[in-house]
Amino acid sequence: MSSIILEARDIRYRYPRGLEAICGISFHIRKCEKIAIVGPNGAGKSTLMLLFNGMIRPDSGILLFDNEPVRYDKSSLRMIRKRIGFVLQNPDRQIIAPTVYQDVAFGPVNLGYSESEVKAAVGGALRYVGLEGFERRPPHQLSGGEKKRVAIAGVLAMDPDVLIFDEPTAGLDPSGSEDIMELLDELNSQGKTIIISTHDIELAYPWADRVILLLGGKILQEDIPDVAFGSPEYVRKAHLSMPTLLELYFELEKRGFSLPERKPRTILDMLNVIDRAFHNRPCCSEPGAIMVYNVDLAEMDSFRAWLSKNPELSIGAMGTRAKQRAMDYQITMDFTYGVIDKCILKALLGEGSVILTTESMVQRIFDRVRDFSRENGVNIPVSLLPEASENTE
Ligand code: ADP
């Protein structure tokens, strides 16, 4: 198990002339975890996040970052804000400069980076969020999703270890929300710890490794998502509702169906539950293959030619850069979110698929497909696609 990166010991915070917003909270977050802080309006989520990166100071209790108590002198706070990046809910409050470049450069300049370091940091961050070429654009002319990406790039430019997002998908349309959630997964697969606050349980349930359920400035429950959201009593107390898939699982259980112990977190998991309940057979006998294509090593022209000869394949793209490469080469994507599960669903119908992605995600795809295969007694072939040129014959 990886080490603890952030810890709170009985912290309390009261706003000047306000009620106590955080009332004695203790928890720890491990490196590389995906944490969702969930609770109704006024629960204390935003306050807790402000405490995390030192914007406000607890009245009592201790916050530890990397096993060291957070200190509040100027240089310690500067270090904390570099290592714990905070993306506000409303990008208009985060974006301050007249151009995208200047805005993303703000953090690195303040940290005293040299001009060439600033340039490299800004270039890298904009590339990461898929906004290369946007450097000179005035942020106010961008769409909501693009502004969000600028705000994220501004934080990424400082290369933080932990990223905190207050309501990351607020104000975005469903596809914009999916893009942002995928970006969070991509950052996590590269070793960043990700903490989000949300009251959207359908978003938090499949995404989080752990959920902290907050109510009235206290922790009501802290556990893996199906436990945290699995108690009707707590869910009701927190003015939330149970995630649909979990509710459906409990309804099937009440009706006496034999169900796998692991609760469904995705449509794929649910399908598996239903298959077992009604047929007692996990999947079809001859699953389709999943091929993984690393766009960083790509011969995209020949790959596209190969794809055109295999029109039956579904195409998924994982990660901002992979999606961008697909768009650059006019490759139509069937899936851009929840891609691995959607390709497994295809495989279970005996259909093949290709996932376009970048180096850092390849292992995750292999692990997920192999874990699924092992847990469900199927053998879904998964392979790294050979260089496309070899396949164009
Ligand atoms: P959430 O993010 O879960 O909606 P908040 O952290 O914003 O909750 O608020 C927690 C509590 O603190 C609420 O009772 C809220 O009214 C209060 N609060 C938040 N900001 C301030 C402030 N600037 N001054 C006084 N009280 C505040």
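**Ground rules**

I am reading a predicted model, in which local features need pLDDT of at least 70 and side-chain atom pairs count only at pLDDT 80 or more, while totals for chains, interfaces and linings use all residues. Residues are numbered from 1 along each chain as its sequence is written, and side-chain values use heavy atoms, with hydrogens and water left out.

**Entry: salt bridges**

I counted a salt bridge where a side-chain nitrogen of Lys or Arg lies within 4 Å of a carboxyl oxygen of Asp or Glu.

A search of the whole structure gave me 26 salt bridges. In one of them, Arg-210 and Glu-33 meet through their side chains at 2.7 Å, N to O. This pair links distant parts of the chain, since Arg-210 is in strand 9 (residues 210-215) and Glu-33 is in the loop between strand 2 (20-30) and strand 3 (34-38), 177 residues apart. I found both Arg-210 and Glu-33 to be buried.

Asp-185 forms a salt bridge with Arg-364, and their closest N and O atoms are 4.0 Å apart. Asp-185 belongs to helix 7 (residues 174-189) and Arg-364 to helix 16 (residues 359-376), so this pair ties together parts that are 179 residues apart in sequence. Asp-185 is buried, with a relative accessible area of 12%, whereas Arg-364 is partly exposed, at 29%.

**Entry: the ligand**

Which residues are around the ligand? I listed Tyr-15, Ala-21, Pro-40, Asn-41, Gly-42, Ala-43, Gly-44, Lys-45, Ser-46 and Thr-47, where a residue is near a molecule if one of its heavy atoms lies within 4 Å of it. By class the shell has four nonpolar, five polar and one charged residues; Ala, Val, Leu, Ile, Met, Phe, Trp, Tyr, Cys and Pro count as nonpolar, Asp, Glu, Lys and Arg as charged, and the others, Gly among them, as polar.

I then checked backbone atoms against oxygen atoms of the ligand: a polar backbone atom of Gly-42 is 2.7 Å from one, a backbone N or O atom of Ala-43 is 3.1 Å from one, and a polar backbone atom of Gly-44 is 3.0 Å from one. Taken alone the ligand exposes 560 Å², of which the protein buries 58%.

Helix 1 (residues 45-52) gives the most to this shell, with three residues. I looked at the cover of helix 1 as well, and six of its eight residues are buried, namely Lys-45, Thr-47, Leu-48, Met-49, Leu-51 and Phe-52. Just after helix 1, Gly-54 takes a positive phi of about 80°.

**Entry: strands**

Is strand 8 (residues 193-198) buried or exposed? Six of its six residues are buried, so strand 8 is largely enclosed by the rest of the structure. Thr-193, Ile-195 and Ser-197 point one way from strand 8, and Ile-194, Ile-196 and Thr-198 point the other way. Strand 3 runs parallel to strand 8 and is joined to it by five bridges, two strands being paired if DSSP finds at least two bridges between them. Val-38 stands opposite Thr-198 in strand 8. Strand 7 (residues 162-166) also runs parallel to strand 8, with five bridges, and Ile-164 stands opposite Ile-195.

Elsewhere I noted an open sheet of four strands in the order 2-1-4-5, with antiparallel pairing.

Conventions. Polar contact = N/O pair within 3.5 Å; in protein donor to acceptor, adjacent residues only side chain to side chain. Areas by Shrake-Rupley, 256 points an atom, 1.4 Å probe, with all protein chains shown as cover. Helix = DSSP H or I, 4+ residues; strand = E, 2+ residues; numbered from the N terminus. Buried < 20%, exposed > 50% of the residue type's maximum accessible area, 1.4 Å probe, protein only.
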